[in-house]
Amino acid sequence: MLCVPDLISSQRPLEFNVDFTRLPWPGTIAFQAGLLLPLLWRRRRPAMTFTVTAAVFLLVCALGVWLRAGMAVLIALYHLALRGRPRHLPVACAALALGLGLIALRLRGEVSMVDGMFFLSTTLVAAVALGLAVRVRRAQLAALHDRAARLEIERDQRIQLAAATERTRVAREMHDIVGHNLSVIITLADGGARAADITPERGKQALLMISDTGRQALGELRRTLGVLRDQRAASDAAQLSPQPRIVDINALCARIRAAGPQVVYRTSGDLDNLDRGVQLTAYRIVQEALTNALKHAGRDTRIDLTLTAGDMDLRIDVHDTGPGAHAAHPEPPHDQGQGLTGMRERAALYNGTVTAAPAPDGGWAVRTVLDLTPITGVPQPSPAGGAQ
């Protein structure tokens, strides 16, 4: 559209009575091609496009030729401001101002140099300003898209982290429940099988204890899995029994005694008024320690269990005497399975520590210290769902 009028007209603007240099049509086509064809690379090579277009434009201005296709240099300048390097703009504007000055000089008989340069300079400034404005806008949109993408990634990572944390918590609860009760059931079954031929009554008693232990394990599993159900099943939560507390350690010791070991349980301090989360943590740690003693020390061991509640901490000491004289030397429980790891994770919720090592007089000793000092920001275990 810009080329055809220059080919058929007198090659001067109708608004001005100025004679411009007339070119034959092949020369006009050559200059038009030099101005317009470089625009094909304006997006990929804005600096090169402007350099070629500006060179042809300056040549056209120096020859005094009027071409409407000269507007291509403003398009090239716009794309240089939009996609090129900002440090190229001062040189580009200076070169283009030279060409506009030649046009203003040619039109000095019609308009003053000041008015001509002002009008022509406004077109130059408008092209640069428009290119920079669009560039800034696109940068803002790109930053917003990038931020939205990063927020989406962070959201997915938080969801995955929460799911992993929940799986770890449920695995720890399942390990405490299933590991303890299965150890008791297996020991009772072995003892009942040996006693069935000699004293059938003892075998029957072992079976009853196995059924009681199994029912308790089933109840704890239902209670643990209940927290994973949908919120629409919240009405069933009222039917779930509360999580175990320190007062339930007596029944826990009774189940261990029924499996064979002798358990001596002592307490000191005000244990009943401890936080529910602390009591649940203490119960699970004692449960794991007693289970380890049963598995690794055998049925003939003696277990001393002591809970001491102070003003600022809760101490849990579990010491077994080791296997009996006729029992095989057991594998030490240190760093096997999830037991000690789970105990340490539970204690860490209360800035506590768990140490497990062979006792000087034989057997194995587990010592736990829970810090009862309230600390802001430390997550507390939920009574309904265990340690979080």
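Let's start with Arg155, which is partly exposed in this predicted model, with a relative accessible area of 42%. Asp156 is partly exposed too, at 31%, and these two side chains form a salt bridge.

**Salt bridges**

- Side chains of opposite charge can pair when their charged atoms come close.
- Searching the whole structure turns up six salt bridges.
- In the bridge between Arg155 and Asp156, the closest N and O atoms sit 3.3 Å apart.
- Another bridge joins Asp304 to Arg266, with 3.9 Å between the closest N and O atoms. Asp304 belongs to strand 2 (residues 302–309) and Arg266 to strand 1 (residues 262–268), so this pair ties together parts that are 38 residues apart in sequence.
- Arg266 counts as partly exposed, at 42%.
- Arg315 and Asp313 also meet through their side chains, in a salt bridge of 3.6 Å from N to O. Arg315 is partly exposed at 39%, and Asp313 is partly exposed at 22%.

**Strands side by side**

- Which way do strand 2 and strand 3 (residues 313–320) run relative to each other? They run antiparallel, and seven bridges join them.
- To get from strand 2 to strand 3, the chain makes a hairpin through three residues.

**Helix 9, end to end**

- Helix 9 covers residues 276–297, which makes 22 residues. At 1.5 Å a residue it should span 32 Å, and its end C-alpha atoms are 31 Å apart, so the two values agree.
- How many of the 22 residues in helix 9 are buried? The count is 20, so this helix is mostly covered; buried here means under 20% relative accessible area.
- At the start of helix 9, Asp275 reaches in with a side-chain oxygen, which comes to within 2.9 Å of the backbone nitrogen of Gly277.
- After helix 9 comes Gly298, and its phi is positive, near 90°.

**Nonpolar side chains at the surface**

- Five residues, Leu37, Leu40, Trp41, Met48 and Val52, form a nonpolar patch on the surface. Together they have about 480 Å² of accessible area.
- Where does Trp41 lie? You'll find Trp41 in the loop between helix 2 (25–36) and helix 3 (46–63). With 37% relative accessibility, Trp41 counts as partly exposed.
- Phe119 has its place in helix 6 (residues 113–196). At 56% relative accessibility Phe119 counts as exposed, because the cut-off is over 50%.
- Phe119 and Leu100 are 19 residues apart along the chain, and their C-alpha atoms are separated by 9.7 Å.

How values were computed. Residues numbered from 1 in each chain as written. Predicted model: local features only at pLDDT ≥ 70, side-chain atom pairs only at ≥ 80, totals over all residues. Heavy atoms only, no water. Salt bridge = Lys/Arg side-chain N within 4 Å of Asp/Glu carboxyl O. Buried < 20%, exposed > 50% of the residue type's maximum accessible area, 1.4 Å probe, protein only. Helix = DSSP H or I, 4+ residues; strand = E, 2+ residues; numbered from the N terminus. Patch = residues over 30% accessible without salt bridge, like charges linked within 9 Å, V, L, I, M, F, W, Y side chains within 5 Å. Areas by Shrake-Rupley, 256 points an atom, 1.4 Å probe, with all protein chains shown as cover. Expected span 1.5 Å × (residues − 1). Polar contact = N/O pair within 3.5 Å; in protein donor to acceptor, adjacent residues only side chain to side chain. Pairing = 2+ DSSP bridges.
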